[in-house]
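Dear colleague,

Please find below the structure that I am handing over to you. My notes on it follow directly after.

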Amino acid sequence: MDRRERTSRWVRLVLLFGVMLFFFLPMMGCAEGAAEAKTPEEINAFYTIGKRYLDAGDFEKALKALAQIPGHADADELHAIAKASFLEALFANLDGLEAAKQYSDALALLDAADATLGGDMQLTLRRVDIGTAYKQEFLAACDQLVLQADYEGALMALLKAEQLLGEDMELTAKRSLIKGKMRDQVLAQADELVAQQQYQAALKLLGLARTELGEDALLTHQIIQIQGMIDSENAREIASQLAQFQASHDTAGAIAYLRGVRNKDQATEATLVQLEADYQQEMLKQATEAYTAEGYAGAVSVLQKALQVLPRDEELKAQLQKYRAMAPVWLDSLNYLTYHATYYQKSNVTNLGTTLTHVLERDGFGSGPYEVVYAINGQYERFTGFFSVKYDNRSTTQQGRFQVYADDSIIYTSPMLTGGMDPLWFDINIAGCQTLKIVLDWDNYYDFINYRCCFFLGELQLHPVHEK
């Protein structure tokens with residue numbers, strides 16, 4: 001044999017060995033190490049171990065040992081003996097478990113046997129028999145629970161059966177039947193609750209049933225009907241309450257009531273919107289009437305009350321701001337343009353003993369002119385206040401007066417005031433005035449300590465221009 005023929009022969013042998021490995025390795029239980037080539041010593045060892053386990057009656061371990069050396073003639077024969085003995089012992093155990101109706105333990109034992117044998121027709125047939133018996137036991141238990149009207153318990157038993165046995169047409173049919181009975185029971189209970197006008201309790205019961213049973217046309221229909229009853233009952237109650245509020249002309253109360261109604265329908269929402277619009281218009285009208293009768297303060301009071309009911313209403317807010325802008329301002333709160341020999345103080349007492357605030361006085365040490373000037377830019381239409389003799393000088397014989405200038409023109413000169421005369425209230429029209437000047441025209445006197453004045457102006461306010 002020449003060199004070329006020897007090379008060709010070796011190639012053929014390698015290819016043949018590769019094909020054998022490709023086809024036979026999966027059948028040799030590679031997970032247990034059987035796919036690995038065994039030495040004669042290893043084969044003999046596994047065979048010896050398997051035989052000893054077989055002689056000792058430990059058929060499961062014998063099978064596992066002999067499975068490592070498939071194809072070995074003596075080992076295959078021994079494996080068949082071990083398998084037969086294993087099945088015989090297994091079936092004896094299964095018979096005992098079935099007699100005791102311990103089906104779950106029997107199925108667990110079959111699962112372990114399947115893992116040992118790697119699947120066997122006898123095991124499959126026995127599993128079918130045990131599963132059928134186990135299923136019948138479950139079905140009998142379900143029937144008993146149904147007789148006791150414990151439909152929820154029956155469904156739980158079926159769920160357990162399906163978890164153990166898998167999907168089964170008979171179990172599925174039984175589930176449908178029990179669900180129907182449970183649904184009928186729930187519907188009857190819901191009808192009783194409705195007859196007692198316990199609508200919310202009926203809805204809760206039906207909701208729980210739908211969670212348990214899944215979507216069901218009859219349950220859904222009943223829920224819709226009861227919700228309609230609740231809506232009708234609520235509508236009657238709302239109408240009754242609104243009639244009472246209307247009789248007492250309490251629109252604010254009606255609004256508060258409707259806002260407290262939960263799950264309002266479209267009609268109720270529309271009624272609330274209309275009431276809010278009506279209330280807004282009524283309060284705006286009242287604010288106008290209050291302004292006419294009481295002035296800006298009355299209008300402000302009305303609008304503040306309205307905003308407690310409609311706190312987000314922009315029109316009410318705008319009107320409130322408008323009326324608040326009509327409030328007079330204290331003269332001493334403004335920045336003066338110029339002043340000379342005059343000053344403000346917090347308060348002083350008139351010759352009648354009345355305390356006036358926001359007081360303007362003449363400086364006892366200064367020299368004239370005694371005046372203060374403000375740029376008011378035509379924003380005010382009236383200047384008001386009091387001109388009074390001081391309480392400490394109520395018997396004075398001195399005389400005093402003051403003058404008001406609008407844009408350098410005298411628009412007011414007060415009467416002469418002296419001791420014994422009541423305080424003088426003045427209300428001067430300053431509409432259109434840009435620059436307001438107040439001149440204090442009285443002398444001071446010496447009280448052996450300081451130079452003092454006998455007169456003062458108090459409660460000095462400017463009133464903004466606004467539409468009547």
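At what angle do helix α2 and helix α4 pack, and how far apart are their axes? In this predicted model, helix α2 (residues 40-56) and helix α4 (residues 73-99) meet at an angle of about 25°, and their axes are 11 Å apart. Angles under 35 degrees count as roughly parallel, so α2 is roughly parallel to α4. On the α2 side the contact is made by Y47, G50, K51 and L54, and on the α4 side by D74, A75, L78, I81 and A82. The crossing of α2 past α4 is left-handed.

Helix α4 has a further partner in α3. Helix α3 (residues 59-66) packs with α4 at an angle of about 150°, with the two axes 9 Å apart. Since angles over 145 degrees count as roughly antiparallel, α3 is roughly antiparallel to α4. The residues of α3 that make this contact are F59, E60, A62, L63 and L66, while α4 contributes A75, L78, H79, A82, K83, S85 and F86. Here too the crossing, that of α3 past α4, is left-handed.

The loop between α3 and α4 holds Q68. Is Q68 buried or exposed? Its relative accessibility is 7%, and a residue under 20% counts as buried, so Q68 is buried. The side chain of Q68 reaches the backbone oxygen of K64 at 3.5 Å.

D216 is located between α9 (199-213) and α10 (217-247). With a relative accessibility of 16%, D216 also falls under the 20% limit and therefore counts as buried. The side chain of D216 reaches the backbone nitrogen of L218 at 3.0 Å.

Further along, M229 lies in helix α10. Its relative accessible area is 32%, so M229 is partly exposed. Which residues does M229 touch, once its neighbours within four places in sequence are left aside? They are V194 and Y199. M229 and Y199 are 30 residues apart in sequence, and their C-alpha atoms are 7.9 Å apart in space.

H249, in the loop between α10 and α11 (251-260), has a phi near 55°, a positive value in a residue other than glycine. H249 has a relative accessible area of 73% and is exposed. H358 likewise is not a glycine and has a positive phi, of about 50°; H358 lies in strand β4 (residues 355-362).

Finally, some totals for the protein chain. The chain has 14 helices and 13 strands, and 35% of its 468 residues count as buried. Its accessible surface comes to about 28,000 Å², with 53% of that belonging to carbon and sulfur atoms. Of the contacts between residues at least 6 apart in sequence, 63% join residues at least 24 apart.

With kind regards

Methods: Residues are numbered from 1 along each chain as its sequence is written. This is a predicted model: local features need pLDDT of at least 70, side-chain atom pairs count only at pLDDT 80 or more; totals for chains, interfaces and linings use all residues. Side-chain values use heavy atoms; hydrogens and water are left out. Helices (H or I, at least four residues) and strands (E, at least two) are DSSP runs, numbered from the N terminus. Buried means under 20% relative accessible area, exposed over 50%, partly exposed in between (1.4 Å probe, protein chains only). Contact means heavy atoms within 4.5 Å. Accessible areas come from the Shrake-Rupley method with a 1.4 Å probe; for residues, only the protein chains shown count as cover. A polar contact is a pair of N or O atoms within 3.5 Å; within protein, one must be able to donate a hydrogen and the other to accept it, and residues adjacent in sequence count only if both atoms are side-chain atoms. Axes are lines fitted to C-alpha atoms, for helices over the stretch in contact, and angles run from 0 to 180 degrees between N-to-C directions. Angles under 35 degrees count as roughly parallel, over 145 as roughly antiparallel, 65 to 115 as roughly perpendicular and the rest as oblique. A crossing is left-handed if the near helix is turned anticlockwise from the far one by less than a right angle, and right-handed if clockwise.
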